[in-house]
Amino acid sequence: ASGTMRIGHEGDAVVYVGGGTNWVHADVGRTATQLGLAAGGVSALTVDGTGSVVRTGSLILGDVDGARTNILNLVDGGALEADRLYKNCYYKKDKDATAATMPPGSWNNGSGDWFIPFSNGCFSVINANGGVLVPTFAWGWNHIGGTCPPRDPDRFVLFEKGLVIDTSKSMNVERDGYAVHTQPFHLDAPTGRGFAEIVLPTNNATFLGQKYIGPARIRIEDATGWGATAFADFDKEKGKLVGVKLTSPGCDYSANPTVLVESADRKSTFACTFTLVENVSGGLTKRGAQMAEIYGACTYAGTTCVESGTLRLATEKSVAPASHYRAKKGATLQLPGAATLKSVGGAGMVTGGAVTAAGVRAHAEDLNARQGLSVNNALAFAEGAVVTAEDPAAISGSFAKAPLVTATSAIVGTPLIDRDALPAPYTLKFSDDRKTLYLVCPRGTALILR
């Protein structure tokens with residue numbers, strides 16, 4: 001498509017991308033794809049499956065014309081490649097204002113212009129469940145360049161399969177001190193209950209008699225729940241709905257939400273059955289040689305894995321307290337300063353400040369290669385810290401000792417060893433200067449004389 005693709009004006013609009021690369025072309029920095037243009041209803045865009053890509057100049061969540069729910073789902077390898085990604089809202093320039101006279105959320109561009117946010121009542125959600133974000137332009141993704149909370153989505157949720165940020169297509173330039181791949185978003189764990197399954201009413205004779213000409217919308221209504229999306233898939237030859245595609249589990253649903261599938265003429269609905277489960281948080285994976293910077297507050301609980309390049313956590317709140325942190329060989333995790341991490345692991349580097357760790361999570365890939373993590377600062381183990389292994393069955397046992405972690409000064413504290421994951425004869429040993437902690441696997445023959 002060329003120009004702007006707008007999803008949803010009045011009522012609901014659902015777009016599902018389940019294969020191929022789909023271009024919505026626009027000049028760099030200009031609107032190319034926009035969810036929600038009028039008050040009322042839901043606009044949902046889902047990109048699902050490895051090899052499914054939406055490429056666009058900007059993806060704008062909402063418009064200035066009224067309250068609406070706007071949802072982006074990135075699922076199972078589905079990718080969004082975009083110059084910009086932000087929530088729309090009113091702004092008015094005011095050159096004569098000062099920080100003291102500006103309302104909360106106002107932003108100064110450094111050239112004397114103040115931008116004042118106005119709430120348009122839109123509720124904008126990004127759901128990641130194995131999906132990929134690929135930033136492709138400059139200034140960060142909110143179209144302004146710095147932190148600007150009114151332009152961040154209201155919720156950015158990392159479900160069980162997590163999120164990948166891939167900077168391999170980012171422009172290697174900076175503007176006004178902000179890296180091109182700056183991510184302002186608050187990456188959160190999903191809360192409460194979400195949908196595990198929605199089932200069509202195949203025991204309803206009236207429903208079975210319907211003749212559909214395309215997929216049907218699934219309506220989900222609840223007093224507390226939010227963010228779930230689904231549609232009923234379609235068999236063209238039979239003119240029948242053949243199942244429900246759940247594109248996001250959603251959060252905080254009560255025990256009795258209303259779930260309906262529309263009739264073929266959309267004039268009536270049929271009740272569906274469903275299963276709810278407690279949500280599980282996923283993690284964050286950083287790919288691509290360039291740096292990605294996170295400066296939002298993070299509450300997700302899955303592993304943070306830096307596979308390549310650098311992941312910079314810009315603020316204290318950007319360090320997710322429940323996440324395990326791993327930097328693979330050649331990759332760097334950059335902290336905002338001294339930080340407490342649930343665990344550390346990998347064969348890359350941690351920079352930016354002293355680390356207090358509640359443990360080490362070793363990986364067979366690193367142990368078998370005799371490679372450990374380097375902390376470019378001081379390291380201390382918290383009381384009760386434990387060394388465990390992510391995949392102990394894959395450890396070859398061919399090494400006498402393998403480094404787990406090395407610091408620039410003597411490591412403070414001595415961790416325990418998880419005997420469920422690392423049974424005897426595995427032991428822990430420090431180097432003579434205590435700068436390196438090793439996992440030792442004694443080998444050879446023991447001769448016992450009695």
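**Entry 1: Asp-83**

I began with Asp-83, which is buried (under 20% relative accessible area, with over 50% called exposed and anything in between partly exposed, using a 1.4 Å probe on protein chains only), yet Asp-83 has no salt bridge, and Arg-84, the nearest side chain of opposite charge, is 6.3 Å away. A salt bridge here needs a side-chain nitrogen of Lys or Arg within 4 Å of a carboxyl oxygen of Asp or Glu. For charge, Lys and Arg count as positive and Asp and Glu as negative, while His and the chain ends are not counted.

A note on what I am reading: this is a predicted model, where local features need pLDDT of at least 70 and side-chain atom pairs count only at pLDDT 80 or more, while totals for chains, interfaces and linings use all residues. Residues are numbered from 1 along each chain as its sequence is written, and side-chain values use heavy atoms, leaving out hydrogens and water.

I placed Asp-83 in strand β8, residues 79-87. Strands (E, at least two residues) and helices (H or I, at least four) are DSSP runs numbered from the N terminus. What joins the side chains of Asp-83 and Thr-136? I found a polar contact of 2.7 Å between them. Such a contact is a pair of N or O atoms within 3.5 Å; within protein, one must be able to donate a hydrogen and the other to accept it, and residues adjacent in sequence count only if both atoms are side-chain atoms.

**Entry 2: the largest pocket**

Next I looked up the largest pocket, which holds about 460 Å³ of space. A pocket is an open set of points on a 1 Å grid over the protein atoms alone, with protein on both sides within 12 Å along at least five of seven lines; lining residues have an atom within 4 Å of a point. Grid points are joined across faces, edges and corners, and the volume is the space filled by probe spheres set on them.

I read 26 lining residues, with Val-42, Ile-71, Ile-220, Ala-228 and Thr-229 nearest the centre. Among the elements giving two or more residues are β2 (13-17) and β7 (69-75). Strand β20 gives the most, five residues.

**Entry 3: Val-277**

My last stop was Val-277, in strand β25 (residues 273-278). Is Val-277 partly exposed or buried? I noted Val-277 as partly exposed, because its relative accessibility is 37%. I also saw that the C-alpha atoms of Val-277 and Gly-192 are separated by 8.5 Å, with the two residues 85 apart along the chain.

Notes. 1 Å grid on protein atoms, 1.4 Å probe; cavity = no way out; pocket = protein on both sides within 12 Å on 5 of 7 lines; lining within 4 Å.
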